[in-house]
Amino acid sequence: MSSIYDFNAKKSNGSEQSLADFKGKVLLIVNTASKCGFTPQYAELQELYERWHKQGLEILAFPCDQFAHQEPGSDEEIQQFCQMNYGLTFPVYAKIDVNGKSAHPLYQYLRSQKKKLLGSSIKWNFTKFLVDEEGRVVQRYEPTVSPKNIGPRIQELLEKNA
């Protein structure tokens, strides 16, 4: 696979979506969890989405239960949690693995594009990957980086397309 657009993602309803559907968009791809100290970042992600979605931002959330069992629910329970607690309007996909032999191919690719000093593994929930309108992974943000702090970089990428 040579592009983010070569991958599919399973929606929470079980259907597949091609990431090629997002060609020309700026993407923020995030592995998420409902019972994590970083879970309140959902609110900031929603704010970013509401602010820049019409200009071409898409946020893709991928629940993952690989970190301290912080996403134990079913896909349906995860959807309900996100709606009831954060009113999310961006897609929250089916639960996946982001590390190891069972890691989703999308995350294998993302990790290969933006490695960290100590390797490519995702260290925790709410690691964020920023992808430009041509499908290139331009930045990786650790969980401690607040989504609102990514806003200026998102705006820069969107303005480049305007």
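A nonpolar core is a set of buried Ala, Val, Leu, Ile, Met, Phe, Trp, Tyr and Cys residues joined through side-chain atoms within 4.5 Å, where buried means under 20% relative accessible area, exposed over 50% and partly exposed in between (1.4 Å probe, protein chains only). The model is predicted, so local features need pLDDT of at least 70 and side-chain atom pairs count only at pLDDT 80 or more, while totals for chains, interfaces and linings use all residues. Residues are numbered from 1 along each chain as its sequence is written, and side-chain values use heavy atoms, with hydrogens and water left out.

The largest nonpolar core has 24 residues, of which Leu28, Leu45, Leu57, Ile59, Phe90, Leu130 and Ile154 touch the most other members. Two or more residues come from each of S3, H1, strand S4 (57-63), helix H2 (75-86), S6 and helix H4 (147-161); helices (H or I, at least four residues) and strands (E, at least two) are DSSP runs, numbered from the N terminus. H1 contributes the most to this core, namely 5 residues. A second, separate core of 23 residues has Leu19, Ile29, Cys64 and Leu106 among its members.

Apart from neighbours within four places in sequence, leucine 57 is in contact (heavy atoms within 4.5 Å) with Val26, Leu28, Leu48, Tyr49, Trp52, Ile154 and Leu158.

Two of the helices also meet. The axes of H1 and H2, which are lines fitted to C-alpha atoms over the stretch in contact, with angles from 0 to 180 degrees between N-to-C directions, come within 10 Å and cross at roughly 75°. H1 and H2 are therefore roughly perpendicular to each other, the word used for 65 to 115 degrees, whereas angles under 35 count as roughly parallel, over 145 as roughly antiparallel and the rest as oblique. Tyr42, Ala43 and Gln46 of H1 and Phe81, Cys82 and Tyr86 of H2 make the contact.

Serine 34 lies in the loop between strand S3 (26-32) and helix H1 (41-52) and is buried, with a relative accessible area of 11%. Beyond its neighbours within four places in sequence, serine 34 is in contact with Thr39, Gln70, Glu71 and Phe81.

Strand S5 (residues 128-131) pairs with S6 in the antiparallel sense over 4 bridges; pairing requires that DSSP finds at least two bridges between two strands. Valine 131 has valine 137 as its bridge partner in S6. The two strands, S5 and S6, form a hairpin with 5 residues between them, and glycine 135 in the turn has a positive phi of about 85°. S6 (residues 137-141) is mostly covered, with 4 of its 5 residues buried.
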